[in-house]
Amino acid sequence: MKKIILAGFGFMGQTHAANICSLPGVELAAVVDRVPKEQLRPVSGNIRTERIEWSKIRDIPFFSTLEEALNCCEADALVIATPTRFHAESILTGIRYGKHIFVEKPLCFSLEDAFEIRKQLDGTGLIFQVGYCVRFMQEYRYLASLINSREYGKLRFLQLYRYTGTPAWGDWKNPDQQDVSRSALFDLNIHDIDFMLSVLGEPKKVTLNSAVQKRFGNAVTDSTWEFADEHLGRIEGGFFPPSTLPFCSGYLAVFDNISLEYRSAAGAVVARHGAEKNDILTFEQDNNAYREEMRAFADSMIHGAQVQCGIEEGLQTLIWCHKLSKINPDFCVENMRN
């Protein structure tokens with residue numbers, strides 16, 4: 001049985017706690033949060049996820065600092081679900097204590113910290129996974145399988161989008177915290193950047209929609225991605241007012257022989273449009289990507305399964321977010337490999 005310390009007990013922390021408690025082979029050993037246990041309450045985010053049953057944490061010890069938990073509890077791994085600004089410090093502490101680590105996206109904010117994390121991980125043999133849940137969603141896994149197999153020909157165009165209302169929960173309510181590290185690019189659309197890179201690799205050219213960026217700033221992103229093998233991609237979306245605007249994500253994938261369409265607002269279905277017929281693919285209702293990414297982390301620890309999104313991939317996505325945040329909206333950037 002692998003024992004896990006969970007750092008951060010907000011929306012994502014509670015989601016991960018619920019999934020840890022539901023998976024075989026792992027158990028929740030302790031929770032770290034700056035808020036005392038008796039003051040904590042269930043927290044919701046912009047999407048519905050599995051919630052922790054409060055009775056399951058009644059006997060689990062809570063600590064106010066990570067080092068206190070690491071010194072007091074026997075544990076094999078650390079799951080980090082704190083705000084991004086605390087990721088680097090928590091990761092480096094976990095590495096120092098020799099713990100396997102799962103960290104919520106993004107890896108961290110500072111590239112300097114990210115390279116230091118990679119340096120400290122090197123040679124340790126520790127499992128390290130960054131939590132990009134979109135990779136584990138059945139609709140996106142199906143899309144990735146078609147891109148790799150070319151069952152319907154070569155991919156010609158891939159549009160990925162993701163948007164929701166301007167956050168009115170957690171630290172987002174604090175205007176002093178609303179810098180570029182908490183923009184839609186790093187918090188929301190980073191999922192689509194990671195997915196695009198995971199299925200298509202490094203682009204040769206990226207262009208921003210200058211009108212959109214000038215109108216919305218860091219709250220919204222709209223970029224076109226060109227690849228050496230003629231793949232063309234587009235990533236768009238972000239935070240739009242008001243805060244009550246429902247979350248929505250999806251894709252349009254155009255292959256030689258079909259087009260594939262997915263919209264989260266329409267439920268767990270993918271429309272497959274062909275020249276001769278159209279059909280609807282329905283996926284399992286129990287499509288819990290957060291549980292599956294935690295299961296993958298557990299499998300890496302217990303069975304030695306390959307890590308689904310390790311330090312190199314997490315770093316690559318972070319680098320691209322920084323590159324995109326610095327592109328002059330009146331120009332494109334080519335050959336952004338260094």
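Two strands pair if DSSP finds at least two bridges between them; strands (E, at least two residues) and helices (H or I, at least four) are DSSP runs, numbered from the N terminus. This is a predicted model, in which local features need pLDDT of at least 70 and side-chain atom pairs count only at pLDDT 80 or more, while totals for chains, interfaces and linings use all residues. Residues are numbered from 1 along each chain as its sequence is written, and side-chain values use heavy atoms, with hydrogens and water left out.

**View 1. Strands E8 and E9 form an antiparallel pair.** The pairing of E8 with strand E9 (residues 220-226) extends over 4 bridges. Lys 205 has Glu 226 of E9 as its bridge partner. In a regular strand, side chains alternate between the two faces of the sheet. Buried means under 20% relative accessible area, exposed over 50%, and partly exposed in between (1.4 Å probe, protein chains only).

**View 2. An open sheet contains 6 strands with parallel pairing.** The strand order is E3-E2-E1-E4-E5-E6. Strand E3 (62-63) and strand E6 (128-131) stand at the edges with a single partner strand each, so one side of each is left without a neighbour in the sheet. Strand E1 (residues 2-7) and strand E2 (residues 26-32) run parallel and are joined by 6 bridges. Within this pair, Val 26 in E2 is the bridge partner of Lys 2. Helix H9 packs on the sheet and touches E1, E2, strand E4 (77-80), strand E5 (100-104) and E6; contact means heavy atoms within 4.5 Å.

**View 3. Helices H1 and H9 cross at roughly 60°.** The axes of H1 (residues 11-22) and H9 (residues 289-303) come within 9 Å. Axes are lines fitted to C-alpha atoms, for helices over the stretch in contact, and angles run from 0 to 180 degrees between N-to-C directions. Residues of H1, including Met 12 and Ile 20, meet Tyr 290, Arg 291, Glu 293 and Met 294 in H9.

**View 4. Ser 249 lies in strand E11 (residues 248-255).** Ser 249 is buried, with a relative accessible area of 3%. Not counting residues up to four places away in sequence, Ser 249 touches Tyr 140, Tyr 161, Arg 162, Tyr 262, Arg 263 and Ser 264.
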